[in-house]
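Subject: Structure handover

Hello,

Here is the structure we talked about. My notes on what turned up follow below it.

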Amino acid sequence: MVKSWNKDWRAGLWTDLKAADTEWDMIIIGGGITGAGVLREASRRGLKTLLIEQKDFAWGTSSRSSKMVHGGLRYLTQGDFKLTHEAVVERQRMLDEAPGLVEPMKYVYPFRKGDFPNRWAFNFVLRVYDFFAGRRDYRYFGKGMVESFLPGILDNGLYGATQYTDAVTDDSRLVMRVLQEAQGEGGIAANYMKASDLVRENDKVVGLTVEDVDSGESCQVRAKVVVNATGAWADRLRGNLIDEKRVRPLRGSHIVVPSWRLPVHQALAYQHPKDGRFTFIYPWEGAIVVGTTDLDHKENLDLEAGITAEEVDYILEGANNQFPKVKLTREDILNTYSGVRPIVGKEGVDADKMNPSDARRDHVVWSNDGMITVTGGKLTTFRAIAIDVMKAAGPHLHIGKVEDTKDRVFAPVLKKLKGIALGPAQERRLKGFYGSAAQGIIDYAKPGDLGYIPGAMNLWAELRWSAAYEAVSHLDDLLLRRTRLGLLLAEGGLCQIDRIKTIAQPELGWDDARWQQEVERYQSIWSEKYSVPAA
Ligand SMILES: Cc1cc2nc3c(=O)[nH]c(=O)nc-3n(C[C@H](O)[C@H](O)[C@H](O)COP(=O)(O)OP(=O)(O)OC[C@H]3O[C@@H](n4cnc5c(N)ncnc54)[C@H](O)[C@@H]3O)c2cc1C
């Protein structure tokens, strides 16, 4: 059975799937953070588990989030103590287990006369937040200090700001790392394989039809339990079993600008002047990200979500309101990205008729005819979500009561990397992003690969290794999700395409015609969904 993404893994797995008269313990549909987390928890329990993803790993919402690993202060202000407590605990666990991949980030929230929340209300909420984390972290600064660390910040009655700490990650690398840990314990994850139908016997889901998206071939596979972890797409498969629409897709978009255009070294949280929504400007992978919006997403879910011209204007308006002298314009934007959040309404209420204020903010787990559907939630709480899924799956698997053993998700990488002289932060990052594979990346590097890609925090060696060993099927997998060059570099990384070609083409084994085809595909994805739409 294929266990890792070596050169021939896809053909090998497909042969196994077609030939197999075996039954899987669990098949997970959806290769975002939720599916990856379930694969991790199932494989550590010795279950024979397969995850399939219709596009690329993390192609859905899990590569398009704000990338914050946070307790969700907003949920606390809405009285959701349980969700905030769970998220704060999971945040701490990720910081402890995956340094370099999940790093602390300071946040500041400025106060202006007449605004709510004011200093006292905000600090009260932070006291509860810190209590959940078992620490006292938040700190108030007066106006002079705020102006020194946020030069150019809007005055307009500014009297101070509170600073607190949450964390930040690279969301698609988080998915890859969790998949890698699961594979280490026997889990199997395959991208570009779609669940095109469910197989039912006696009103029970006993398997599914899997389609190899690139070849169009399909076959049936059987499982003791099928988990539908398809996020915003969850109603689709569940719709085969129950006539109910519970998920409402809401789009959130971000812009990415070069760090020299906005003077923030920590995340700035503020209320948008138009509608009072909380919005953020924050450093990420050497650039600055601004977002997000929150809008009903009515477009076809099969296509990538993209930012609209109105959303660009809204985000720029918010940033320029906070930094009036910066005068950020569309020309400053390097790239954009949009994700679709699955918002779940109350039971018995059709998702389209839901009042957004009634929407649940935590995850839900439903069971219909033996298929377990999980949707909603956050990146931050993926482990807790996976445990809930395992608890629901337990009876189908006859494994007794499933307990949360609180075992590590991420194995520690203790040995110092050999063959490269990195600073402590760079070494921590490489180990955090790639776990036990970090040394392999250095060992696999060719001359010139151990330099940094201009404008990014990646070594060229990471690009080479991902092309060779991380199940890359298309150039967009490599530039948008294995690395984030598509979000961080001008023209989505096309400015570096010649050097990328010399490294990636031989590793992927593509001839010139295929390379050209992939570049054209990438150009079209980038210009339609990751660039700046015309005003
Ligand atoms: C704008 C925005 C900002 C956010 N910011 C944060 C944040 O800062 N911190 C945080 O903790 N959370 C954040 N979130 C929430 C977080 O991103 C999501 O909760 C999380 O990514 C959902 O992961 P998922 O695996 O459930 O869904 P997804 O990542 O969407 O994965 C579902 C996958 O299922 C696949 N799929 C669908 N149908 C099929 C099929 N038939 N066969 C095979 N595969 C299929 C899809 O292709 C998709 O890749 C944010 C969300 C949004 C939209």
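The ligand has a nitrogen atom 2.6 Å from a backbone N or O atom of methionine 68. That is a polar contact, meaning a pair of N or O atoms within 3.5 Å; within protein, one must be able to donate a hydrogen and the other to accept it, and residues adjacent in sequence count only if both atoms are side-chain atoms. On its own the ligand has 1,000 Å² of accessible area, and the protein covers 97% of that. Those areas are Shrake-Rupley values with a 1.4 Å probe; for residues, only the protein chains shown count as cover.

Before you use any of this: the model is predicted, local features need pLDDT of at least 70, side-chain atom pairs count only at pLDDT 80 or more, and totals for chains, interfaces and linings use all residues. Residues are numbered from 1 along each chain as its sequence is written, and side-chain values use heavy atoms, with hydrogens and water left out.

**The ligand shell**

There are 36 residues around the ligand, and Thr34, Glu53, Ser62, Met68 and Thr380 come nearest. A residue is near if one of its heavy atoms lies within 4 Å. The shell splits into 11 nonpolar, 19 polar and six charged residues. Here Ala, Val, Leu, Ile, Met, Phe, Trp, Tyr, Cys and Pro are nonpolar; Asp, Glu, Lys and Arg are charged; the others, Gly among them, are polar. Which elements give two or more residues to the shell? They are helix H2 (33-44) and strands E8 (193-201), E11 (247-258) and E16 (335-344). Helices (H or I, at least four residues) and strands (E, at least two) are DSSP runs, numbered from the N terminus.

**Helix H7 and its cap**

Helix H7 covers residues 171-184. Its 14 residues should span 20 Å at 1.5 Å a residue, and the end C-alpha atoms are 20 Å apart, which agrees. The expected span is 1.5 Å times one less than the number of residues. Of those 14 residues, 13 are buried, so H7 is largely enclosed by the rest of the structure. Buried means under 20% relative accessible area, exposed over 50%, partly exposed in between (1.4 Å probe, protein chains only).

Aspartate 170 caps the N-terminal end of H7, with a side-chain oxygen 3.3 Å from the backbone nitrogen of serine 172. Just after H7, glycine 186 has a positive phi of about 100 degrees.

**Salt bridges**

The whole structure holds 47 salt bridges. The criterion is a side-chain nitrogen of Lys or Arg within 4 Å of a carboxyl oxygen of Asp or Glu.

Aspartate 170 also pairs with arginine 484, with the closest N and O atoms 2.6 Å apart. The two are 314 residues apart, in the loop between strand E6 (158-169) and H7 for aspartate 170 and in the loop between helices H14 (475-482) and H15 (485-488) for arginine 484. Arginine 484 is buried at 2% relative accessible area. Aspartate 170 is buried too, at 2%. A network of salt bridges with shared partners joins Asp56, Asp476, Asp477, Arg481, Arg482 and Arg521.

Glutamate 217 and lysine 18 meet at 3.0 Å, N to O. Glutamate 217 sits in the loop between strands E9 (204-212) and E10 (218-228) and lysine 18 in helix H1 (residues 9-19), so the pair ties together parts 199 residues apart in sequence. Glutamate 217 is partly exposed at 35%, and lysine 18 is partly exposed at 44%.

**Backbone points to check**

A cis peptide bond joins phenylalanine 116 and proline 117, with omega about 0 degrees. Another joins glycine 291 and threonine 292, with omega about 15 degrees. Threonine 292 is in the loop between strands E14 (287-291) and E15 (295-296).

Are they buried or exposed? Alanine 58 is buried at 0% relative accessibility. Lysine 327 is exposed at 57%.

Best wishes
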